[in-house]
Amino acid sequence: MGERGGHYASAFHPPQSLAGGPGSKPPGRRRRAGAGARGAPPAAALLLAALLAAAWLLWRWGGGGTGRAGAGAAPQMACEDRPARGAVYLNYEVIFGLCNQMISHLNAVTLALAAGLDGVILPPAWSRPHFNHSVDEDVWNKNTPIATLLDIAEMRRRLAPAGIDVLESTEDDALVMRHTCEQAAQSFSPLESIPNAVWRVRSLVDSIRMRRPANQRCIHFQRYMLFWAHDLTSGANLPYLAAQSLAFNSTVEALAEEVAAAIGGAFNGAHMRIELDMGLKAEKAMPQYITHMRRLGFNASAPLYAASGLLTYNDTGAFRRMEEALKSAGVCSRVLSKEFLVGPERLAGLHSEQLALVDLLVLTRSARFVGHKASTFSYFARDLRALRGGGDLTTAGLLEGGKTWESGTVIAPHD
Ligand SMILES: *[C@@H]1O[C@H](CO)[C@@H](O)[C@H](O)[C@H]1NC(C)=O
Ligand SMILES: *[C@@H]1O[C@H](CO)[C@@H](O)[C@H](O)[C@H]1NC(C)=O
Ligand SMILES: *[C@@H]1O[C@H](CO)[C@@H](O)[C@H](O)[C@H]1NC(C)=O
Ligand SMILES: *[C@@H]1O[C@H](CO)[C@@H](O)[C@H](O)[C@H]1NC(C)=O
């Protein structure tokens, strides 16, 4: 159902300085759901190609940026007197759960790639005590170290060939930029197309440079980069490339490998998004999960790995009820979770979103996958699974639900 989307929309109020002004596009502008990842309209694709070429030419000529990424990457200047341009760094924030955060990073890197920016400044992560809270409680720790989720050094390595530096907002360099660079901010326009976003960034940055032609200072550019910031289906192959740059904390990666190995063979996977904070009714969702599992060929010969936050608040009763329903429907031999596959000491000390990341990475290895469309975790799991070679969309399915973000948040390769 749309509750979650509605909740997110109403619970989140961008600050005045960043809220969409008269120029921002209404969400209705986004392309239709179901159009899928493939086949951006030719006009949009052409516009994007033209913008990319323009961004590349205009931004890379001029002697390189002043930041780390700019040095040495630019071609020789035609005119020796032309001032070196200042590097442009994208600063943003994330909100809510693991995959909302991941899709925000993905939006940021996509925009950096598309607009020829010089760097992204990774914000702190959010985490929560557990999943048993009402949707309106603010239980989040908004200052969780980002390195607990992302492998920053590896992301830096992956993005260096594209001329994009990756900084942590707490690092000295990022703090210096915040205080010494030209400050710029832009309004938030939900599910904006990538070409439109590139156009707006370019216009703003160019106007700053034109106002101060001699000024070569870097630009610290702030934008709301929420999980529904862009219609990723309008970005040709860039969102897919950006998704490939996401590298996860290696301790958590290793733990996911350990959990998957402990299953001891092929398994099907599901994101059982029936915790209290999701606001869905388990009684209503369970029959829908079962229908989808049957449709995809889940049967009693294989175990089911269930990603769920139920056990983060010790609700083993709800977990067992779910297991009984799935087993008696004949869609699995048993239901597994990380808490039953590795010792408690292996999970101790990990925060909520690291635990969710273990689940996400285990699910990328599932033979078949079912999730819930109202959850960004579900469709990110579906797409990351395909990206990491775990199985294409014919072996994955999402329950109907939600009504907004999923149509613009598809991460799939384009021809
Ligand atoms: C990855 O997460 C683990 C567990 O929380 C933590 O100990 C480690 O420091 C993190 N890695 C980095 C590079 O920060
Ligand atoms: C159950 O699923 C497996 C694949 O996981 C398949 O090989 C097998 O034929 C199925 N069994 C039945 C009875 O459909
Ligand atoms: C769950 O149980 C563990 C072990 O008994 C306890 O440490 C933890 O605080 C419990 N969590 C919640 C959210 O009640
Ligand atoms: C979850 O929270 C609700 C109140 O919001 C409470 O009634 C319930 O007992 C909690 N469940 C667990 C397992 O902690």
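Some bookkeeping comes first. Residues are numbered from 1 along each chain as its sequence is written, while chains are lettered from A and ligands numbered from 1 in the order in which they are written. Since the model is predicted, local features need pLDDT of at least 70 and side-chain atom pairs count only at pLDDT 80 or more, but totals for chains, interfaces and linings use all residues.

The chain has 14 helices and 14 strands, taken as DSSP runs numbered from the N terminus (H or I over at least four residues for helices, E over at least two for strands). Of its 415 residues, 47% count as buried; that label takes 20 or more other C-beta atoms within 10 Å of a residue's own, against 12 or fewer for exposed and anything in between for partly exposed, with C-beta atoms placed from the backbone.

The largest nonpolar core holds 107 residues, and Leu 90, Ala 112 and Leu 304 touch the most other members. Such a core is a set of buried Ala, Val, Leu, Ile, Met, Phe, Trp, Tyr and Cys residues joined through C-beta atoms within 7 Å. Helix α3 (residues 98-115) supplies the largest share of this core, 12 residues. Domain 1 (47-74 + 82-244) and domain 2 (250-408) both contribute, so the core lies between them; the domain bounds come from an automatic or database domain assignment. Setting aside neighbours within four places in sequence, Ala 112 contacts Leu 90, Leu 117, Val 120 and Ile 164.

Next, the sheet. Five strands make an open, parallel arrangement in the order β12-β11-β10-β13-β14, where pairing requires at least two DSSP bridges between two strands. Strands β12 (335-336) and β14 sit at the edges, each pairing on one side only. Strand β10 (residues 268-271) pairs with β13 over two bridges, and Ala 270 stands opposite Val 370 in β13. On the β14 side, β13 (residues 369-372) pairs over four bridges, with Val 370 opposite Gly 397. Side chains in a regular strand alternate between the two faces of the sheet. Both faces of β14 (residues 396-399) are covered, with Ala 396 and Leu 398 buried on one side and Gly 397 and Leu 399 buried on the other.

As for ligands, a shell residue has its C-beta atom, placed from the backbone, within 6 Å of the molecule. Ala, Val, Leu, Ile, Met, Phe, Trp, Tyr, Cys and Pro count as nonpolar, Asp, Glu, Lys and Arg as charged, and the others, Gly among them, as polar. Around ligand 1 sit Ala 147, Thr 148, Asn 249, Thr 251, Val 252, Leu 350 and Gln 354, which split into three nonpolar, four polar and no charged. Ligand 2 has Gly 297, Asn 299, Ser 301 and Ala 302 around it: one nonpolar, three polar and no charged. Ligand 4 is surrounded by Asn 132, Ser 134, Leu 276, Tyr 313, Asn 314 and Asp 315, giving two nonpolar, three polar and one charged.

Finally, the backbone. Most residues other than glycine have a negative phi. Leu 191, however, has a positive phi near 50 degrees; Leu 191 lies in the loop between β6 (182-186) and β7 (192-193) and is buried, with 23 other C-beta atoms within 10 Å. Ala 236 also has a positive phi, of about 50 degrees, in the loop between β9 (230-231) and α7 (238-244), but is partly exposed, with 19 other C-beta atoms within 10 Å.

Definitions and conventions
Two residues are in contact if their C-beta atoms, placed from the backbone, lie within 7 Å.
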